[in-house]
Each structure stands twice: as structure tokens, then as C-alpha cells.
Number of protein chains: 2
Amino acid sequence: MRNYKFPKIPEATIKRLSIYHRVLNELIHEGVEVVSSHRLSELTGLNAPQIRKDLTYFGEFGVRGVGYFVIHLHDSIREILGINKKWNVILVGVGKLGQALLSYENFEKQGYHIIAAFDTDPSKIGKKFGTNEIPVMPLDNIKKIAKEYNVKIAIITTPSESAQIVLNVIEEAEIEGVINFAPIKLTPNKKVTKISYVDLVTELDKMAFKITSS
Amino acid sequence: MRNYKFPKIPEATIKRLSIYHRVLNELIHEGVEVVSSHRLSELTGLNAPQIRKDLTYFGEFGVRGVGYFVIHLHDSIREILGINKKWNVILVGVGKLGQALLSYENFEKQGYHIIAAFDTDPSKIGKKFGTNEIPVMPLDNIKKIAKEYNVKIAIITTPSESAQIVLNVIEEAEIEGVINFAPIKLTPNKKVTKISYVDLVTELDKMAFKITSS
């Protein structure tokens with residue numbers, strides 16, 4: 001296998017690769033073997049020149065005048081994104097949003113395996129959530145579990161006031177990637193830590209602005 | 001009041017305005033009257049020149065060498081974003097994720113009032129969710145409720161296979177803004193419809209890529 005190491009791919013491109021990946025997944029299930037950039041454009045809502053540009057960025061996946069070989073393109077994108085393997089993930093904060101994510105079946109389908117959840121509430125410890133029966137454990141166990149299962153990604157769904165403390169514990173457990181749903185800016189202690197923010201209110205703010213200014 | 005109509009503000013700027021807005025909210029609660037771009041930088045994680053640039057974009061909120069007046073800046077951003085009024089919102093699809101969002105208290109705090117939820121499952125109709133006891137109704141009621149409460153934003157949290165049908169109903173009810181959590185591309189029937197996508201798997205894909213390529 002070729003080794004894809006492109007430290008400078010823009011985040012917007014990565015986001016689009018993730019979208020192509022899911023669409024290609026569906027095409028494989030439908031038995032489609034070749035897809036044109038025009039068809040990918042219809043399925044993704046992105047324009048065809050953008051798609052062609054994104055895909056040539058990484059080498060030659062297409063055959064001029066024919067299209068892209070679905071399985072080849074799919075596998076290459078998986079390799080580029082680093083999702084050609086399973087990722088073990090933990091979740092911290094088993095409130096309403098946390099429980100919803102533990103039951104969200106698309107993570108598992110796309111190769112993200114939430115192996116354990118963590119909470120400080122004694123009444124939640126020992127309970128299991130979701131179809132995969134993900135167990136809830138005390139925060140003290142994060143380090144042990146992270147090491148044992150080679151966990152690289154943690155999802156934070158705690159209230160804002162606990163999120164920084166939880167980040168500290170996650171970093172001590174040598175987990176590099178954090179997806180933070182708590183609406184608060186976190187300060188990493190280590191250079192290697194990567195934090196991404198999912199902010200649901202911001203989505204509503206952006207929409208309110210679009211409607212107001214249209 | 002001045003009338004802010006800037007159809008061409010980039011989405012990235014809007015996202016940052018939303019972040020400034022929340023931070024300023026917190027500063028008001030702490031009784032802070034003036035804030036420097038340096039302090040805003042610490043609180044948001046964005047760099048100070050970027051912040052100064054964003055804020056001059058809309059006029060003069062700052063006093064050189066002193067900083068920004070917190071309340072004035074806060075109110076101006078609310079006006080720009082169109083969140084200086086309450087927005088009535090509906091949610092369609094009362095599964096795990098939908099229920100979590102109905103219980104998510106930050107929406108209400110920031111001026112987004114989910115007034116009703118909708119589902120096709122008869123066992124859910126008539127139930128109430130969240131601290132605001134949001135009632136679940138059949139999809140047939142969307143049009144009536146949207147008109148009665150002047151609803152401009154709908155959140156879709158249905159399975160992928162129902163999302164397009166739900167969008168059609170939402171558009172018939174003359175709701176302009178749609179925030180879609182279903183991992184599928186939707187096709188609007190009207191020019192005026194604005195759809196934004198929140199894709200949780202894409203967030204994990206981006207993180208997996210960052211870790212793989214670092």
C-alpha cells in the first residue's frame with residue numbers, strides 16, 4: 001500500500017472526502033462499479049469541478065471519460081483518512097446528549113467503536129447504553145481502558161464546568177484526539193492534543209443569520 | 001437601531017461571531033464592562049488580530065487602547081446575527097438524538113425556543129420531552145403550528161430514509177431554515193430554503209485524519 005502522509009490537506013477538503021466516502025459506501029451497497037464526477041456531484045451537492053480537483057489532489061483515481069472506480073476510490077479515501085482500520089473511542093459524560101451518542105449507530109457502521117463511557121454519577125456507573133451495551137465506568141478507569149484498548153479519540157459530552165477537568169484526565173491517559181460537545185473553550189496541556197468543537201447553538205446562530213440577512 | 005444587512009459575510013466569520021457572543025454573555029454575567037482583544041483571544045482561542053479584524057468588519061465597537069464595551073458589543077452581535085429576538089423552532093424525529101436535543105438547555109438559554117416536536121410513531125404522539133415539556137405531534141400538524149408560532153427553523157433528526165419526505169413537509173409549511181442531522185444530502189424544492197448539515201461521523205473522520213497524519 002502507498003503511504004499517504006499529507007500534513008497540509010485543508011480541513012475543508014477532509015470534510016468533503018468524508019462525504020465522498022459515505023456516498024461511495026452507499027454506491028458499493030447498490031452494486032455500482034464506476035461513478036462520474038457529475039453523478040458524485042448530484043449525490044453530494046458539491047460541484048463537479050471541485051470534486052475532480054479534490055480527487056486529483058491525491059493521485060489518479062479516475063479514467064478520463066469513464067469515471068472513478070468506486071471500490072478503488074472508496075478504499076483510497078479510507079486509507080487517506082486513516083479509517084481503513086477500526087478506531088476505539090471513549091465517551092465522557094453520560095447525560096442526555098452522551099446517551100444519544102452511545103445509541104447513534106452510524107459511528108459503529110463507519111468504523112468508530114465506542115468501547116466505554118465514563119461518568120462521575122454513581123447511579124450511572126455499571127449501567128449499559130445502546131445496542132452495543134456500552135458500559136459506564138468511573139473516570140478513574142479512563143487511563144487503564146485507554147491503554148488496554150489503544151484509544152486515540154475521546155468524546156466529551158459533560159456540562160461546561162466539568163469539561164476542562166475531563167480533558168486533563170483524557171490527556172493523562174495519552175488520548176490525542178478530543179471531540180468536545182461542551183460549549184466552552186478548552187486549554188490543552190500537551191502539544192500533541194487535538195481538540196475539535198461541535199457547537200449546536202452555533203449552528204442555530206448561523207441559520208438565524210442566514211434567514212435574517214436573506 | 002442601525003440596520004445590519006450584510007449578505008456577504010463569510011460563514012467562518014459568522015461562526016466566530018457566535019463564539020464571541022457566548023463569551024460576552026459570560027462576561028456580562030461576571031460583571032465585566034470592558035474587554036480587550038487580547039482577553040477575548042484567551043477566552044475564545046482565536047488570535048487577537050483575527051478578532052480585531054472581525055469586529056471592525058461591522059463598524060466601530062472598540063476604543064483604542066481600552067478595549068470593547070462588553071454590553072454594546074454583545075448587543076451589536078446579537079443584532080447582526082438576528083438573535084436579538086426569540087426564534088421559535090420545531091424538531092422532527094423524536095428518536096434518541098431528537099430526545100437529547102429536546103433536553104438540551106443551551107438552545108433555550110440562547111434564544112431558541114423549541115415549541116413542538118413531530119414524529120410518525122403513534123406511541124410517541126402526545127408524550128412530552130425536556131424540562132420545557134415539549135409535546136410530540138403527528139407530522140400533519142407541522143403546517144398549522146408553523147403558521148401559528150411563526151416558525152422559521154426546523155431541526156431534522158429522523159433516520160436518513162425519512163429525511164427528504166420530512167423536508168418536503170417542512171417546506172410546505174413555509175419554514176425557511178433547516179438543520180439536518182440525518183447523514184444524507186437533501187434536495188430543497190424552493191429557492192428560499194436554507195439547509196445546514198451537522199454530521200457527527202464527519203467530525204470523527206476529520207479527527208482520525210489529524211491523528212493519522214500527525
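The model is predicted. Chain A has 214 residues, and 53% of them are buried. Chain B and chain A bury about 5700 Å² between them. The largest nonpolar core counts 92 residues.

**Chain A overall**

- The secondary structure of chain A comprises nine helices and 10 strands.
- Its C-alpha trace spans about 60 × 50 × 35 Å along the principal axes.
- Among contacts in chain A with a separation of 6 or more, 56% join residues 24 or more positions apart.

**Helix α8 of chain A**

- Helix α8(A) runs over residues 160-172.
- Its buried residues are A163(A), V166(A), L167(A), I170(A) and E171(A).
- The cover over these buried residues includes four strands of chain A: β4 (87-92), β8 (153-156), β9 (177-180) and β10 (194-197).
- After α8(A) comes E174(A), with a positive phi near 60°.

**Nonpolar core**

- In soluble globular proteins, nonpolar side chains tend to be buried together.
- Within the largest nonpolar core here, Y112(A) and Y112(B) touch the most other members.
- Leaving aside neighbours within four places in sequence, Y112(A) contacts residues of both chains.

**Interface: extent and polar links**

- The size of an interface is often given as the accessible area lost when the parts come together.
- Of the area buried between chain B and chain A, 68% lies on carbon and sulfur atoms.
- Contacts link 57 residues of chain B with 57 residues of chain A.
- Six salt bridges are found across the interface.
- One of them pairs D199(B) with R22(A); the closest N and O atoms are 2.2 Å apart.

**Interface: the chain B side**

- Helices that give two or more residues to this side are α1 (11-29), α2 (37-44), α4 (70-81), α5 (96-102), α6 (105-109) and α9 (200-213) of chain B.
- Strands β9 (177-180) and β10 (194-197) of chain B also give two or more.
- Helix α9(B) gives the most, with 14 residues.
- By class, the chain B side has 29 nonpolar, 13 polar and 15 charged residues.

Technical notes:
Residues are numbered from 1 along each chain as its sequence is written. Chains are lettered from A and ligands numbered from 1 in the order in which they are written. This is a predicted model: local features need pLDDT of at least 70, side-chain atom pairs count only at pLDDT 80 or more; totals for chains, interfaces and linings use all residues. Side-chain values use heavy atoms; hydrogens and water are left out. Contact means heavy atoms within 4.5 Å. Buried area is the accessible area (1.4 Å probe) that two parts lose on being put together, summed over both. A salt bridge is a side-chain nitrogen of Lys or Arg within 4 Å of a carboxyl oxygen of Asp or Glu. Ala, Val, Leu, Ile, Met, Phe, Trp, Tyr, Cys and Pro count as nonpolar, Asp, Glu, Lys and Arg as charged, and the others, Gly among them, as polar. A nonpolar core is a set of buried Ala, Val, Leu, Ile, Met, Phe, Trp, Tyr and Cys residues joined through side-chain atoms within 4.5 Å. Buried means under 20% relative accessible area, exposed over 50%, partly exposed in between (1.4 Å probe, protein chains only).
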